[in-house]
Amino acid sequence: RRLASTMPRMIDPTGFACETARRRTLSVNGLALHALEWGEPGRPALCFLHGGSAHAHWFDAVVPTFVPDHHVLALDQRGHGASEWSPTPAYATEDFTGDLVGVMDAVGWARMTVAGHSMGGHNAMAFAAWHPERVARLVVIDSRPSIPAERLQTMHRRGDRGPMRHATLESTLRSFRLLPRETVAEPRLLEHLAREGITEREGRFLYRFDPACNGRRRPTDGWGLLERITAPTLLVRGEHSPILPRDMAATMIERLPRARLVEIPGTYHHLVLDAPLAFAKVLQAFLSETAADV
């Protein structure tokens, strides 16, 4: 299914969701994991997972649609954002998914809808396959089941170079780039993400993620897991995404037992930034349509 090009693509002009979030630190698997939280406990649980080298604020323009009716978490996954870096380091898919079990137990969730972008989508797929009893619905946002070997090697080389340290905040902000770079996101949103993704250490400014998340990344091959996913699944791709080609998305839909595909026009890989309100509308419709199934 392809959405009409008249879908809204602007961000909410009144502010970003993090301004009203409760900031929580959860002790999970020996790490302090940070999360942004909205809504009241007891409502349907909805967890957002960002991509690699990103952070929880990636969903700041998406979350407001869901706050009135859901208990929402946007998690800084291990080694990212304000969460602790793994000292080992341990950045396999099993490590990320093990954290999700701990996060759910810490906030009192028996089941949740999990929505992940890119690396977060990969982790969400594995989690839904390995822990089907904990997943009410799965939302995969422009993510593929496996990473090509050459791309993983490039990721490892990039991570092994270590963090880039800047002398000033301004130079760090100027260096901020999405990967892949293509985007139609509003500049105000990109600047917000850049500022939230920078920290100061020992008088230098650097991005808030552990380079070992790339250098020691060990993703599972998720193709063999798709048939094990029992939850209703929404697969969302950006029309111009170089990460999830249309034919690959079609193959995923064939293998996922209860899945549907939606493509958002005019967007690239970072579709939650390119068209956050359009994505929120798609997700809201999916949650409403599958309410009877869960």
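**Terms and cut-offs**

Modeller: Serine 53 lies in the loop between β3 and β4, where helices (H or I, at least four residues) and strands (E, at least two) are DSSP runs numbered from the N terminus. This is a predicted model, in which local features need pLDDT of at least 70 and side-chain atom pairs count only at pLDDT 80 or more, while totals for chains, interfaces and linings use all residues. Residues are numbered from 1 along each chain as its sequence is written, and side-chain values use heavy atoms, with hydrogens and water left out.

Biologist: Why is serine 53 called partly exposed?

Modeller: Buried means under 20% relative accessible area, exposed means over 50%, and partly exposed is in between (1.4 Å probe, protein chains only). Serine 53 has 29% relative accessibility, and therefore counts as partly exposed.

Biologist: What makes the phi of serine 53 worth a remark?

Modeller: Most residues other than glycine have a negative phi. Serine 53 is not a glycine, yet its phi is positive, at about 65°. Aspartate 142, in the loop between β7 and α3 (149-160), also has a positive phi, near 45°.

Biologist: Is aspartate 142 buried or exposed, and how do you know?

Modeller: Aspartate 142 is buried, because its relative accessible area is 0%. Phenylalanine 127, found in helix α2 (residues 119-130), counts as buried because its relative accessibility is 0%. Among the residues that phenylalanine 127 touches, leaving aside those up to four places away in sequence, are Leu100, Val101, Met104 and Val135; contact means heavy atoms within 4.5 Å.

Biologist: What makes you say that the chain agrees with a compact globule?

Modeller: The radius of gyration is taken over C-alpha atoms, and the globule rule is 2.2 Å times the number of residues to the power 0.38. For 294 residues a compact globule would have a value near 19 Å, and the protein chain has 18 Å, so the two agree. Buried residues make up 58% of the 294 residues.

Biologist: How do you know that the length of α9 is close to what is expected?

Modeller: The expected span of a helix is 1.5 Å times one less than its number of residues. Helix α9 (residues 276-289) has 14 residues and reaches 20 Å from its first C-alpha to its last, close to the expected 20 Å. Its buried residues include Phe279, Leu283 and Phe286, and the buried residues of α9 pack against elements including β3 (45-49) and β6 (112-117).

Biologist: Which peptide bond is called cis at proline 180?

Modeller: The bond from leucine 179 to proline 180 is cis, with omega near -5°, whereas most peptide bonds are trans.
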